[in-house]
Amino acid sequence: LSVSNQDDAIIAKLKPKDLECESKVEMCLEGTRQDILQNIRSWVTDLEAPNILWINGYPGVGKSAIASTIVEELHSSNRFGSSFFFQREGASAMTPNALWCKVAYDLARRYGGIRKHTVLTLNANESLPTTLNIDALFKELISEPLMKSDNIPIDRLPVIVLDALDECGGIDGWRSIHRKKLMRTLKTWSNLPGRFKLVVTSRWEEDIERLFSTTRHHLIEVNSGVKVDSVSSADIRAFLLHELRQLVGRYPSLPSDWPGEEAIIHLIDSAKGVFIWIKTVVKLLESGEPRRTLEQVLSNGAGSMANLYAWILHASFPIPIGDNNKDFQTVLGTIIFSKEPLDVASLATFLSIDGSTMEYICNGLRSVLDCGGIVRIRHQSFVDFLLNPIDCPLSFLVDKERECRNLALCCLATMKRHLRFNICDLKSSYARNQDVPNLAQQVGKCIPLCLSYSSRYWASHLAEASSDNEVYGSIKYFMDHQFLSWLEVISLIKQMNIGSSMLHSLMNWLRKSNHDDSLAADMQKFVIAFAGVISQSTPHIYITALPFAPRCLGVSKQYLGHYPQTFVVRSGGYNSWPSIQNICTGHKGSVLLVAISPDGRRIVSGAEDLHRTVRVWDMDTGETVLGPLHGHSHSVSSVLFSPDGSRIVSGSHDRKIRVWDAETGEMVLGPLQGHIHWVRSISFSLDGKRLVSGSRDYTIRVWDTETGQTVLGPLQGHSGSIWSVSFSPNRQRIVSGSEDRTIRVWDAETGQTVLGPLQGHTGSVKSVSFSPDGKRIV
């Protein structure tokens, strides 16, 4: 390969596979939105302006159409860098990782300087595009390449367009870890020079408003409702007249000025600047007899968006009772809560609904539902309506809890119907998956989309479902009969990396439901031990993994008897799983302390490496999931999770304490200052409201975890460094161990020594802890 072709192959690894992240919305009608577009043009050319433009407004005012228009104008002016249009139904694939990989891919293709740096970065770290560490990905693939590309002409500086920020994270919205990670990288973008421009469109939601309230930006608000201006109303009028002309052209019997000025004004006034209201009315007129439909809209549907949607449902499904009602809620609930969109046929198969029922529902919702290929709801406002018990009629209301339970059952039922031994009819175990001829075609033929979906997402839906006999019976059947067949599927569709976390979710669900989780726990250990083998060669589930699993444990006892012709270990072999599960690598210096999160899924570490960092690791995979967190200016000597796992506290030789958000990595408290020497030990109270620290300055301090204020101390009495401190379970006592060879117990309210100094050790006391009942100290 030539150097250029080699670079192309390297850059291509960044492009997210099978991800549609381009605009699904038409551009603004020519001549409309001129005031907003001119404002944007001025911002793009002003290098002194903030580098983020935030376009916000009520749902349906046309933000995505404006974004589509910006993209087209940037293409024409040679300023287009990249674009990403979030869609709520594609939230599982539309992650911050996918966004910034797509942006890096586009920038590397369009700018030689960025391309050169990106290729060097990927050659040095091939796993970067798949890392869970979004901060490292953003730094190495976005900010550093941009900063090092100082030869881009001013008239070619890239502009990035990010549409529908509020749809990142899907139905979870602000609660989604994806959304939190994305917000963190947007904050980082704001620190780049002004020449690197980013356009963001979104609704006005609390977490987004909070981000921009502390981030320098240029704001454009698209007005609607009582704040709608004459310009927006004129734009609505232009759009409506354009659409009506198209409609009249298809009906020669209609007058050329149909439906007349009075009706047009009525519609414009009803829209109140909300383009989706007018677009929905136009879709209704297109799908029915125009005169009669308009008459009905004007007399019944004109009003709020909710009124219009309610009228559409009542008009399309006049007798929503019995199975029809249930089918409607099931189909719409699946469209809303599925982790990725499905086409009509796959949706019907997945839900076990006959084709005519699907057609009936799709035909009735043509004005709000796009059923061409992938089934999509045209606008998020219809989703909001269906979930709102105040606006949506009860017979159409979609209940999240009910539909999430149904999705879990549908996944398990789909696997029960389709999973089987050697599902792709592989002829031999001699070849790895990658060397099997035409395997991709065979996978596509033998693993339908509904099975692929179910195999990837059953655990996610199960986690959102409450326990009952039907759900437990289905999951018990899967555990007892289909575990190995399921591993075949996730191996063949190259999703083996999600297996362990899915089984962890299963274990949590079983425990929460008071069911035995021992088999599920062994299934997870089986995956952790053999994921590498299984991902390379599917048949080795039966040839290598099953025979060599510990024979006295769950998976072997449940499944080995079903495969009598596989290998049998006659002597030796494992009686238990290996002790070492993962080796976490990433720190560049000594790791001074580690702690495990309360849920047992993550590890936090502090190091004395070059950058004095804190890292958080996934317990199952050993991969860095947060960090490195920068802030300390000297070695990190103490780290700890809060009792609820939401925060991480770190103490350092720089004499300071910092508290971090355990999901986003943002510093939420600190630096807490007061100690005049190294902070050697920190500990939370059981309720998480207090933090105690011990230092080489011979003192102990107690801090309020909300305000960061010292509430007690410095407590003095030891004559050497404080190596270890800990709260009693009831928060009334603090125990400390010191270099002076003694232990002291303090009153946590008054700071008085209530016990000690306890003597007996002949060297430094480096670790102390209370028993769970608070009566003993070790």
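How much area do domain 1 and domain 4 bury between them, and what percentage of it is on carbon and sulfur atoms? In this predicted model, the two domains bury about 740 Å² between them, with 49% of that on carbon and sulfur atoms. Leu132, Asn133 and Arg184 do much of the work on one side: they supply 59% of the area that domain 1 buries against domain 4, more than any other three residues.

For orientation, the protein splits into domain 1 (5-222), domain 2 (230-284), domain 3 (400-562) and domain 4 (591-759). The centres of domain 1 and domain 4, taken over C-alpha atoms, sit 38 Å apart. Their contact takes 9 residues from domain 1 and 10 residues from domain 4.

## What holds hands across it

Helix H7 (residues 177-189) gives the largest share of the side of domain 1 that touches domain 4, namely 4 residues. Sorted by class, that side of domain 1 has 2 nonpolar, 3 polar and 4 charged residues.

## Salt bridges elsewhere

Over the whole structure, the search turns up 32 salt bridges. One of them pairs Arg179 with Asp207 at 2.9 Å, N to O. Arg179 belongs to helix H7 and Asp207 to helix H8 (residues 206-213), so this pair ties together parts that are 28 residues apart in sequence. Buried or exposed? Arg179 counts as buried because its relative accessibility is 0%, and Asp207 is buried too, at 11%.

Glu663 and Arg602 also meet in a salt bridge, at 4.0 Å from N to O. This one links distant parts of the chain, 61 residues apart: Glu663 is in the loop between strand E14 (657-661) and E15, while Arg602 is in strand E9 (residues 602-607). Glu663 is partly exposed at 32% relative accessible area, whereas Arg602 counts as buried at 14%. Glu20 and Lys24 form another salt bridge, their closest N and O atoms being 3.2 Å apart. Glu20 is partly exposed at 47%, and so is Lys24, at 44%. There is also a salt-bridge network that links Glu22, Lys102, Asp106, Arg109 and Arg110.

Most residues other than glycine have a negative phi, and most peptide bonds are trans. Some spots here go the other way. Gly670 and Pro671 are joined by a cis peptide bond, with omega about 5°, and Pro671 is in strand E15 (residues 667-672). The bond from Gly756 to Pro757 is cis as well, omega being near 5°; Pro757 is in strand E23 (residues 753-758).

Then there are the positive phi values. Asn78 has phi near 65° and is in the loop between helix H3 (63-76) and strand E2 (80-85). Asn78 counts as partly exposed, at 44% relative accessibility. Asn438 has phi near 55° and is in the loop between helix H18 (400-418) and helix H19 (439-446). At 54% relative accessibility, Asn438 counts as exposed.

## A buried loop residue

Ser429 also lies in the loop between H18 and H19. Ser429 is buried, because its relative accessible area of 18% falls under the 20% cut-off. Leaving out residues up to four places away in sequence, Ser429 touches Ser537, Pro539, His540 and Ile543.

Definitions and conventions
Residues are numbered from 1 along each chain as its sequence is written. This is a predicted model: local features need pLDDT of at least 70, side-chain atom pairs count only at pLDDT 80 or more; totals for chains, interfaces and linings use all residues. Side-chain values use heavy atoms; hydrogens and water are left out. Helices (H or I, at least four residues) and strands (E, at least two) are DSSP runs, numbered from the N terminus. Buried means under 20% relative accessible area, exposed over 50%, partly exposed in between (1.4 Å probe, protein chains only). Domain bounds come from an automatic or database domain assignment. Contact means heavy atoms within 4.5 Å. Buried area is the accessible area (1.4 Å probe) that two parts lose on being put together, summed over both. Ala, Val, Leu, Ile, Met, Phe, Trp, Tyr, Cys and Pro count as nonpolar, Asp, Glu, Lys and Arg as charged, and the others, Gly among them, as polar. A salt bridge is a side-chain nitrogen of Lys or Arg within 4 Å of a carboxyl oxygen of Asp or Glu.
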